[in-house]
Amino acid sequence: MRRSVDTWLDRFCYKHPKLGIPGLMKYVVILQGVVYLLDIFSNNYLSSLLMFSTQAILHGQVWRLFTFLFLPLESSNAIFFLLSLYFYWFIGSTLEREWGSVKFTVFYAVGALLTLISGFVLDLWGFGLAINMFYVNMSMFFAFATLYPDLQVLFFFIIPVKVKWLAWLDAALYVIQCARYIAGGMWFLCLLPLVAVANYVLFFWSDIMDRLGRTRTRHSAQTINFKKATKQAQQQKGYIHKCAVCGKTDTDYPNEEFRYCSKCNGYYCYCSEHIHNHVHIE
């Protein structure tokens with residue numbers, strides 16, 4: 001494909017700037033916390049009104065198409081629940097700063113839509129499940145690990161480990177879990193973990209293809225000519241780097257970080273604000 005899936009999504013986000021919900025993850029986390037607290041005093045009655053149910057939706061309770069987003073993902077331990085909320089808020093907020101509000105909103109919405117479709121499909125097969133956003137949040141973690149693979153976190157609050165290794169561990173656990181489902185005759189449960197994988201692949205298609213080596217030739221050519229291109233730019237224009245979106249230069253903003261996009265066809269440079277928030281040029 002000349003135009004990859006994630007490139008199309010980037011263009012869609014660029015053309016629809018009003019779709020973004022600034023601070024989306026903050027609102028999701030707050031509402032999950034509110035539902036958690038109210039469940040304590042109502043014996044989980046509120047969650048029963050908000051959870052996904054095909055039969056209830058078909059009988060007019062259409063709010064369940066959206067309110068399942070706010071179901072607490074962990075309610076057995078209050079401390080673990082608070083830590084999970086902080087973790088998801090941190091990851092979501094970081095992705096929003098990296099991508100921009102529109103792309104992150106679309107990412108989260110696509111994951112929610114895939115989860116919703118999975119719920120209807122499972123119900124049609126006779127396997128009704130109380131779906132939630134757990135696997136979408138896991139796809140969010142995979143995205144975070146791809147963008148910040150060398151960031152260190154404290155595993156069990158003690159052991160420093162890079163995020164990329166935690167992501168690989170989660171992926172391995174996914175495979176083992178699906179293998180157990182299939183071996184136990186519960187193959188239908190594999191659909192929900194696949195939601196996380198599908199959502200991740202949609203937004204990182206080019207990165208996956210790059211790692212498989214399908215664009216290695218183009219990258220090699222760009223690497224060979226990089227020094228020549230920067231030298232010519234400095235001689236002809238008086239600066240080395242200029243953002244192709246906002247026009248910032250390293251002369252006017254000496255402390256700004258500029259990077260070249262490997263997905264754009266040519267030597268297109270972007271500032272730190274737009275390196276992950278622009279439409280790829282083909």
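Lys 164 counts as partly exposed, with a relative accessibility of 25% (partly exposed lies between buried, under 20% relative accessible area, and exposed, over 50%, using a 1.4 Å probe and protein chains only). Its side chain meets that of Asp 150 in a salt bridge, 3.4 Å from N to O (a side-chain nitrogen of Lys or Arg within 4 Å of a carboxyl oxygen of Asp or Glu). This pair links distant parts of the chain, 14 residues apart: Lys 164 sits in helix H9, and Asp 150 in the loop between H8 and S1. Helices (H or I, at least four residues) and strands (E, at least two) are DSSP runs, numbered from the N terminus.

The model is a predicted one, where local features need pLDDT of at least 70 and side-chain atom pairs count only at pLDDT 80 or more, while totals for chains, interfaces and linings use all residues. Residues are numbered from 1 along each chain as its sequence is written, and side-chain values use heavy atoms, leaving out hydrogens and water.

Shared partners join Asp 150, Lys 162 and Lys 164 into one network.

Now for the inside. In soluble globular proteins, nonpolar side chains tend to be buried together.
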